[in-house]
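The following questions and answers concern the terms applied to a protein model. Each answer sets a value against a definition and then concludes.

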Amino acid sequence: MREPATRRVIGALTAAGAPVRFVGGCVRDALLDRIGPGTDVDIATPLPPEAVVEALKAARLRAIPTGMAHGTVTALDPASGRTFEITTLRLDVATDGRHATVAFTDDWRADAARRDFTMNALSADPDGTVHDYFGGVQDALAGRVRFVGDPARRLEEDYLRLLRFFRFHAHYGRGAPDAQALAACRSHAAGLERISGERLRGETLQLRTAADYLPIGNRNLAFGILIPPPGYNLDQREEIGRRVEDTMRPFWEAGALEDDDPQAYARAVAGLPEVPTFDPATMSPGPPVRPPSVENYFFVARESILFHGAISDDARRVRDVVTLMNHATGGQAAPGVIAFAFQVPLFQLGGNTGSAIKLQLSGADLEQVKGVAAQLFGMISGRYGIQSVQPDPANFSLRTPEVQVQPDLVRLSELGLGVRDVALAVQVVGDGAIVDEFSIEGEAIDLKVIAAESVAASGADGMTDLASLPIATPTGRVVTLGSVATVLPVEAPQEIARVGRQRSVTLQVTPPPGVPLEQVMGDLEGMVAGLRDSGAMPPAVRSEIAGSAGKLREVQRALLGDGTLAGTIGSSLVLALVVVYLLMCVLFQDFVRPLVIMFSVPLATLGGFLGLAAVHWWSQQDPYAPVQNLDVLTMLGFVLLIGVVVNNAILIVHQAGNFLAGRADVEPADLRAWGSRMTPRIAIALSVRSRVRPIFMGTLTSVGGMLPLVLMPGAGSELYRGLGSVVVGGLVLSTVFTLLLVPLLLGFVLRGGAESAPIADPSPTPAPAPSPASPPPGGGTGDRDRGAATPPAPVPTPARGVAAPGTARR
């Protein structure tokens, strides 16, 4: 909030004679030291919105009427591209649970009283003095999320605050939620039915981690793009290339010594200069770095764009090479040129940067499309930096000199000429007209006709007097171009792009490092919605998000559904749960016990998010490691957990059923300890004790196999690091909770549902002693009985569930 752009906006408003304060999230995040790239800076003032617009224009700042009826104006600083939302102090006159009718005021406390939570009701003067009317400072520092005033009244003003309460507690809260707020949320839960499905879905999705499409990876290639102003000729482009190469030369010359002379290479690397850095989190210069040497470097100039690239000798420090390339194209090296560099992702998904979100704006009126594109360009560059947005066409907002020739069709028909003849004559005095081709050794070569005056004039100078251009008619008469057409010097766009036959401008937005793709998508949709609500975006201008953002939405729709009931039921995640459940119902011949097993799935999901959060935090500590977010490969880890974590619960439930049915053997020591009857409680306890070893063996082998993906650095390991963290975290937490909670749930299910079975004494029954009159075993008495076998004494049969002596137990 101390950057020059902020001071210019504050100065413009204070010059109008009104007090100004920072309000909302920027004050809260500054207090908690959570200011980062993309943090919104909101400003409040008693000035009415019309006066705010005039004050901004007087200071040569751009004013965008985002929501004049609600007192909201967006200020755009042209020098930096930063945007600021300025709101007039207001109070609620009437609310209906969805919308509010407001009135402007000059009472700061009244404006703070209409906000939702105490930590959001803070305001601060430009000198840093914090104004706290409701104890928001203490609540923010203590991690306590409280409503301003009566929680019930705040919810009745906007029922969506119910979901916001839980989201803010997840982000800022510590300990148990506020009791009064919880009670109010319970009593007003029915009010959510009055909220539109779009608003509910948007707020609910913010409760989870924002997602990426695919991991960026750590590819050893830095790439930079330079967009020059229109009209730069080849000599000017070549001069820019020389200046950039002067900065890059010591680094590629040092890299050339690595294989030939290691000692000279070490001396050259030690002598490389340091490069200044810029910290976007604090909007201030950071500590300088000494980039590594460069293995390869190239610089290419095309019609409307320049680009260069480099490969680092140290594959882990590609980001320092990106800093070097930004430094080489900054300052006086490329004046008036929009230049930025980035690390090329492994997967080329969208836009020139490989991971860009394409915001396509199209319409029949090019001027309307360009006006909306210019506003969005300023808002996006203000939030994420000028290097994060690239327009296509590159210079859509800049006009270049152009000569238009409008033929007179009546006059042409009188002379026997056509439009084609006029076009051919203009081409000849321009870059030339291709009239035929001839072949030399099988290679086709164009035959071009160009006027000698145009070659001597070198360029557009030869087209300054098109009206006097002679044109021969079929009758042999020569007329001038001015007699058959109107020649008009105008200014027009360099290039016109089209989407679906509509004139269009595409803004390619690349999320900054560490910012999830889905978060940027939400911001773009919010910007477009704000312009439409304020009337700054005409209805005839269409907007569409494509590129990697479109692919992410397709994957989310396939995994999670489209938000409708039918879409959710048909999603891959729900179908996987249903298939696993039905399969276990068939195997167990029961519908209840599989529900106990399925209870381990949400526990595994919680463990997966904890593992992902740990790896995300760990990746943020290493400046050279790509930040791990929730990407598509990581989402597949949660699907994988569904089929893995149920195995431990299956072992316990199945073995408890075996004990109850008498299909499993009981140790004599267990019999003496538990008594003579097999109850569900005894069966569950024995099943846990007999299956704890295989459960831990299976979990440890799976975790041991996944840990190298998470902990061991190496080429390609960052692709599956998120998937590994989800599986490891889910398995570990699910195993612990499976041994604790699944037996409790199984006992609740089996209570009264299974009768206790008797357990017989496992000791064998002794054989009866033979009587004196009985014949000796194995034969008869006397010759007449010789050879007649006597049946052996019966062997006692052990009771079910008890192993017979001398036999192996299963």
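Q: How many salt bridges does the structure hold?
A: The structure holds 17 salt bridges, a salt bridge being a side-chain nitrogen of Lys or Arg within 4 Å of a carboxyl oxygen of Asp or Glu. This is a predicted model, in which local features need pLDDT of at least 70 and side-chain atom pairs count only at pLDDT 80 or more, whereas totals for chains, interfaces and linings use all residues. Residues are numbered from 1 along each chain as its sequence is written, and side-chain values use heavy atoms, with hydrogens and water left out.

Q: What makes the pair Arg115 and Asp111 a salt bridge?
A: The N to O distance between the two side chains is 3.3 Å. The pair is called a salt bridge because this value lies within the cut-off for a nitrogen of Arg and a carboxyl oxygen of Asp. In general, side chains of opposite charge can pair when their charged atoms come close.

Q: Why is Asp111 called buried?
A: Buried means under 20% relative accessible area, exposed over 50%, and partly exposed in between (1.4 Å probe, protein chains only). Asp111 has a relative accessible area of 5%, and therefore counts as buried.

Q: Which words describe the two partners Arg146 and Asp139, buried or exposed or partly exposed?
A: The closest N and O atoms of this salt bridge are 2.8 Å apart. Arg146 has 26% relative accessibility, so Arg146 is partly exposed. Asp139 has a relative accessible area of 2%, so Asp139 is buried.

Q: Where do Arg242 and Glu239 lie, and what joins their side chains?
A: Both residues lie in helix α10 (residues 234–255), 3 residues apart, about one turn of the helix. Helices (H or I, at least four residues) and strands (E, at least two) are DSSP runs, numbered from the N terminus. The side chains of Arg242 and Glu239 meet in a salt bridge of 3.4 Å, N to O. Arg242 has a relative accessible area of 42% and is therefore partly exposed; Glu239, with 32%, is therefore partly exposed. Elsewhere, salt bridges that share partners join Arg153, Arg154, Glu157 and Arg161 into one network.

Q: Why are helices α21 and α24 called roughly parallel?
A: The axes of α21 (residues 572–588) and α24 (residues 632–661) come within 10 Å and cross at roughly 25°. Axes are lines fitted to C-alpha atoms, for helices over the stretch in contact, and angles run from 0 to 180 degrees between N-to-C directions. Angles under 35 degrees count as roughly parallel, over 145 as roughly antiparallel, 65 to 115 as roughly perpendicular and the rest as oblique. The angle of α21 and α24 therefore makes them roughly parallel.

Q: Which residues of α21 and α24 meet?
A: Leu573, Ala576, Leu577, Val580, Met584 and Phe588 in α21 meet Val639, Ile642, Ile650, Val653 and His654 in α24, contact meaning heavy atoms within 4.5 Å. These residues divide into 10 nonpolar, 1 polar and no charged. Ala, Val, Leu, Ile, Met, Phe, Trp, Tyr, Cys and Pro count as nonpolar, Asp, Glu, Lys and Arg as charged, and the others, Gly among them, as polar.

Q: Why is Leu122 called buried?
A: Leu122 lies in the loop between α4 (108–113) and β8 (123–124). The relative accessible area of Leu122 is 1%, so Leu122 is buried. Leu122 and Val27 are 95 residues apart in sequence and 6.5 Å apart in space, C-alpha to C-alpha.

Q: Why is Arg60 called exposed?
A: Arg60 has 76% relative accessibility and therefore counts as exposed. Arg60 is found in the loop between α3 (49–58) and β3 (62–67).
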